[in-house]
Amino acid sequence: MRFGVVGFKGKMGKVILDVFSNDGHTPVLLIDKDEIIEEDFPEVIIDFSTPDALEKTSSYCEKYNSNLVIGTTALTEKHLKILENLSKKVAVVQSYNFSIGINILLELLEKATKMLNDWDCEITEIHHSKKKDKPSGTAILLKNALNREVEIHSLRLGGIPGDHTVLFSNEGELIEIKHRAISRKVFALGALKAAKFILNKKSGFYTFKDIIKEAFI
């Protein structure tokens, strides 16, 4: 496929370029704050950058009729509305976490929380020190999967890509369900799976949960 990357000079953008290119795909649109390279029209645009880049990303999707895979966190209702409107014209996959493991964990939590509904429950999440949003988008996804009010404890340390733990406890037992991202590559691999998922779709709004269902359910 021909693909574009928004934020191609950033750490995640570089990993996305590497993973997609090694899989045989061709970068034709590269966008960053101080540089834009346009060589052809992309079939899919990948954006894991910042919320303030979304309007520009949306405009390029409309310009080239490109589908969008977006993993940007800390999106507001305004940003989600932009994506909703865009999805009427092209296909959009939006998620706060493109890890296959996290998205399987979400499915497991929806079942576990029903069996452990009278147990105490809290979430901890650890990310690198440069991550701005607290709590992480992934921690919010985990909380939503639990469908109950729980405390989220956020730590920002060093260069950790992402650790998330859900703890259930009663007076005599503790259950910990944990996911650790070892490198950023896991998110780029998920983005590649998402790009292939929407490559030939004309329009619509999807989440990574739709991709997991198609692959495993």
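At roughly what angle do the axes of helix 4 and helix 5 cross? In this predicted model, the axes of helix 4 (residues 100–115) and helix 5 (residues 137–146) cross at roughly 30° and come within 8 Å. Angles under 35 degrees count as roughly parallel, so helix 4 is roughly parallel to helix 5. The crossing of the two helices is right-handed.

On the side of helix 4, the contact is made by I102, L105, L106, L109, E110 and T113. Helix 5 contributes T138, L141, L142, A145 and L146. An α-helix has 3.6 residues a turn, so residues three or four places apart point the same way. By class, the contact of helix 4 with helix 5 consists of eight nonpolar, two polar and one charged residues.

The buried residues of helix 5 are G137, T138, A139, L142, A145 and L146. Of these, T138, L142, A145 and L146 are also named in the contact with helix 4. The packing partners of the buried residues of helix 5 are helix 4 together with strand 7 (120–127), strand 8 (151–156) and strand 9 (162–169). Just after helix 5, residue N147 adopts a positive phi of about 55°.

Cysteines were also examined. With a disulfide taken as a pair of cysteine sulfur atoms within 2.5 Å, the count comes to zero disulfides. C61 has a relative accessible area of 0% and is therefore buried. C121 is likewise buried, with a relative accessible area of 8%.

Technical notes. Residues numbered from 1 in each chain as written. Predicted model: local features only at pLDDT ≥ 70, side-chain atom pairs only at ≥ 80, totals over all residues. Heavy atoms only, no water. Axes fitted to C-alpha atoms, helices over the stretch in contact; angles between N-to-C directions. Helix = DSSP H or I, 4+ residues; strand = E, 2+ residues; numbered from the N terminus. Parallel < 35°, antiparallel > 145°, perpendicular 65-115°, else oblique. Left-handed = near helix turned anticlockwise from the far one by under 90°. Contact = heavy atoms within 4.5 Å. Nonpolar A, V, L, I, M, F, W, Y, C, P; charged D, E, K, R; others polar. Buried < 20%, exposed > 50% of the residue type's maximum accessible area, 1.4 Å probe, protein only.
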